[in-house]
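User: Hi! Could you walk me through this model with me asking as we go?
Analyst: Happy to, here it comes.
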Amino acid sequence: MEEATVATILNAIGRTPLIRLQRLAPRSSADVYLKLEYLNPTGSYKDRMALAMVDAAEARGDLRRDMVVLECTGGSTGSSLAFVCAAKGYPFRVISSDAYAREKLEMMRAFGADLIVEPSREGRVTPDLWPRMLARADAIRVDPNVYYTDQFRNHDAQAGYARIGDEIVEALPRVDAFCGMVGTAGMLMGVGRVLRRRDPDVRVVALEPSTSAVLSGSPPGAHRVDGTGAGFVPPQFDRSVAREVRALDEASGRALARRLAREEGVFAGTSTGMNVLAALALAAELGPGRIVVTVACDSGLKYLAGDLFSDRT
């Protein structure tokens with residue numbers, strides 16, 4: 001008898017719904033579609049990246065069963081790698097900071113990660129934070145029994161994110177613009193390249209906090225948007241894919257995250273609010289009959305201990 005295929009929790013990654021905003025986008029604008037990536041197993045699109053990086057390392061023989069996986073992360077990548085490592089049976093060591101959502105740090109621990117917390121300055125992502133975190137990772141990665149996924153430089157991640165683009169192409173007859181906040185830039189590059197293969201004229205727009213708008217040529221600064229604005233131009237960022245950059249007001253993005261929950265039933269975090277803020281602006285510029293797409297990066301459940309949803313404005 002043919003052996004049955006047994007699905008694992010890792011098979012639950014991807015195939016997320018794509019919805020059209022019903023109330024926030026007026027009829028006078030383009031349609032705005034939102035890919036609900038918070039419906040991945042850990043509540044984040046980073047599940048796609050984590051699995052792609054680990055699978056590729058295994059396939060090359062770079063990651064062996066006796067090795068420890070290491071990453072330096074603002075939170076969601078760490079949660080996703082902790083999840084993938086737990087499912088595959090690898091120990092996972094992670095460097096993060098108390099600048100990021102407490103729920104994300106606790107999720108890493110829940111999946112069995114060895115968490116190293118780099119102290120922040122007043123709970124904010126400041127220009128010195130990532131250099132300090134990366135320095136700690138560099139000190140650990142010299143161990144030959146450590147495999148460093150190195151998310152900022154790891155192009156394997158884009159293969160995982162490209163699946164978002166594939167799913168968008170399957171679902172929609174055309175896309176006029178796609179936008180997303182930049183952290184490692186893997187998501188925007190992975191999706192952007194898929195969309196550009198179908199239509200070279202699609203607008204792919206990179207987003208960043210206005211207080212740390214390094215892609216726009218400004219100096220790095222402090223902000224509180226998890227997973228974005230590390231304070232340097234990420235090595236994977238390619239201006240031939242993302243030909244436009246927009247710097248966004250964080251307060252406006254946070255307010256829009258709250259409106260998404262109340263007016264659309266979409267419960268997501270600050271980076272999603274920023275994504276939709278830009279998508280609505282693009283939709284107003286393009287006008288009716290056009291299509292703008294962005295992603296809901298992670299679940300609002302990861303931000304309940306902070307002030308994102310306690311601010312009622």
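User: Before we start, what should I know about the model and the numbering?
Analyst: The model is predicted, so to speak of local features we need pLDDT of at least 70, and side-chain atom pairs count only at pLDDT 80 or more, while totals for chains, interfaces and linings use all residues. Residues are numbered from 1 along each chain as its sequence is written, and side-chain values use heavy atoms, with hydrogens and water left out.

User: Great. How many residues are in the largest nonpolar core, and which have the most contacts inside it?
Analyst: That core has 51 residues, and Ile168 and Phe178 have the most contacts inside it. A nonpolar core here is a set of buried Ala, Val, Leu, Ile, Met, Phe, Trp, Tyr and Cys residues joined through side-chain atoms within 4.5 Å. Buried means under 20% relative accessible area, exposed over 50%, and partly exposed in between, with a 1.4 Å probe and protein chains only.

User: Which elements give two or more residues to this core?
Analyst: They are α1 (46–60), α2 (76–88), β4 (92–97), α3 (102–110), α5 (156–171), α6 (186–198), β8 (203–209) and β10 (291–296). The most comes from α1, with six residues. Helices (H or I, at least four residues) and strands (E, at least two) are DSSP runs, numbered from the N terminus.

User: And what is Ile168 in contact with, neighbours within four places aside?
Analyst: Ile168 is in contact with Lys35, Val175, Phe178, Val191, Leu195 and Val293. Contact means heavy atoms within 4.5 Å. There is also a second, separate core of 29 residues, with Leu24, Leu34, Leu248 and Ala268 among them.

User: Switching to charges: how many salt bridges does a search of the whole structure find?
Analyst: The search finds 30. A salt bridge is a side-chain nitrogen of Lys or Arg within 4 Å of a carboxyl oxygen of Asp or Glu. Side chains of opposite charge can pair when their charged atoms come close.

User: What does Arg203 meet in a salt bridge?
Analyst: The partner of Arg203 is Glu244, at 2.7 Å from N to O. Arg203 is in strand β8 and Glu244 in strand β9 (residues 244–248), so this pair ties together parts that are 41 residues apart in sequence. Arg203 is partly exposed at 23% relative accessibility, and Glu244 is partly exposed at 22%.

User: How far apart in helix α4 are Arg141 and Asp138?
Analyst: Arg141 and Asp138 are three residues apart in α4 (residues 129–141), which means about one helical turn separates them. Their side chains form a salt bridge of 3.4 Å, N to O. Elsewhere, Arg60 pairs with Asp62, and their closest N and O atoms are 2.7 Å apart.

User: Which residues do salt bridges that share partners join into one network?
Analyst: That network holds Glu118, Arg121, Asp128, Arg132 and Arg136.

User: Last topic: what is phi like at Ala185?
Analyst: Phi of Ala185 is near 80 degrees, a positive value in a residue other than glycine. Most residues other than glycine have a negative phi. Ala185 sits in the loop between β7 (177–181) and α6, and at 4% relative accessibility Ala185 is buried.

User: Where is Asp150, and is it buried or exposed?
Analyst: Asp150 is in the loop between β6 (146–148) and α5, and it is buried, with a relative accessible area of 12%. Asp150 also has a positive phi, of about 50 degrees.
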